[in-house]
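This briefing is intended for a reader meeting the structure for the first time. Please view the sequence and the model together while reading the points below.

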Amino acid sequence: MPEQSCPECGAAFFYDSATKRYACKGCGLYVTKDELMNIKDRQRAGPDEYRKRKQQQSEYLEWWLSAKEK
Ligand SMILES: [Zn+2]
């Protein structure tokens, strides 16, 4: 699998094989591969909706990262 990088901040993604999602430690982005492609469209088309969704992902990422450390 080719390495993915965050469309938002350019940092490397962590791939979580359990949920099949990519997580960015740089900005908190947390997406599936399909969502990753949608984000690139969304960044051009609807920045407000995109930010709202990103906030939710950021909260989930905090939980996810803290759970992994245990
Ligand atoms: Zn990022």
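Read along the sequence, the protein chain follows the pattern β-β-β-α-α, with three strands and two helices in total. The model is predicted, and the protein chain averages a pLDDT of 83. The points below take the sheet, the core and the confidence in turn.

**The sheet**

- The three strands form an open sheet in the order S1-S2-S3, and their pairing is antiparallel.
- Strand S1 (13–16) and S3 stand at the edges and have a single partner strand each, so one side of each is left without a neighbour in the sheet.
- S1 and S2 run antiparallel and are joined by four bridges.
- S2 and S3 also run antiparallel, and two bridges join them.

**The turns between strands**

- The hairpin formed by S1 and S2 has four residues between the strands, and lysine 20 in the turn has a positive phi of about 55 degrees.
- The hairpin of S2 and S3 has five residues between the strands, and there glycine 28 takes a positive phi near 90 degrees.

**Residues paired across the sheet**

- Phenylalanine 13 has cysteine 24 as its bridge partner in S2.
- Tyrosine 15 lies in strand S1, and its bridge partner in S2 is tyrosine 22.
- Tyrosine 22 in turn stands opposite valine 31 in S3.
- Tyrosine 15 and valine 31 are 16 residues apart in sequence, and their C-alpha atoms are 9.7 Å apart in space.
- Tyrosine 15 is partly exposed, because 14 other C-beta atoms lie within 10 Å, a count between the limit of 12 or fewer for exposed and that of 20 or more for buried.

**The nonpolar core**

- In soluble globular proteins, nonpolar side chains tend to be buried together.
- The largest nonpolar core here has nine residues: Cys6, Phe13, Tyr22, Ala23, Cys24, Leu29, Tyr30, Val31 and Leu61.
- Strand S2 (21–24) and strand S3 (30–31) each supply at least two residues of this core, and the largest share, three residues, comes from S2.
- S2 is covered on both faces: Arg21 and Ala23 are buried on one side, and Tyr22 and Cys24 are buried on the other.
- Apart from its neighbours within four places in sequence, cysteine 24 is in contact with Cys6, Glu8, Cys9, Ala11, Phe13 and Leu29.

**The chain as a whole**

- Of the 70 residues of the protein chain, 16% count as buried.
- Among contacts between residues at least 6 apart in sequence, 29% join residues at least 24 apart.

**Confidence in the model**

- A pLDDT of at least 70 is reached by 86% of the residues.
- Confidence is highest in S2, at 93, and lowest in helix H2 (residues 47–69), at a mean of 80.

Notes: Residues are numbered from 1 along each chain as its sequence is written. A nonpolar core is a set of buried Ala, Val, Leu, Ile, Met, Phe, Trp, Tyr and Cys residues joined through C-beta atoms within 7 Å. Two residues are in contact if their C-beta atoms, placed from the backbone, lie within 7 Å. Two strands pair if DSSP finds at least two bridges between them. pLDDT is the predictor's confidence in each residue, from 0 to 100.
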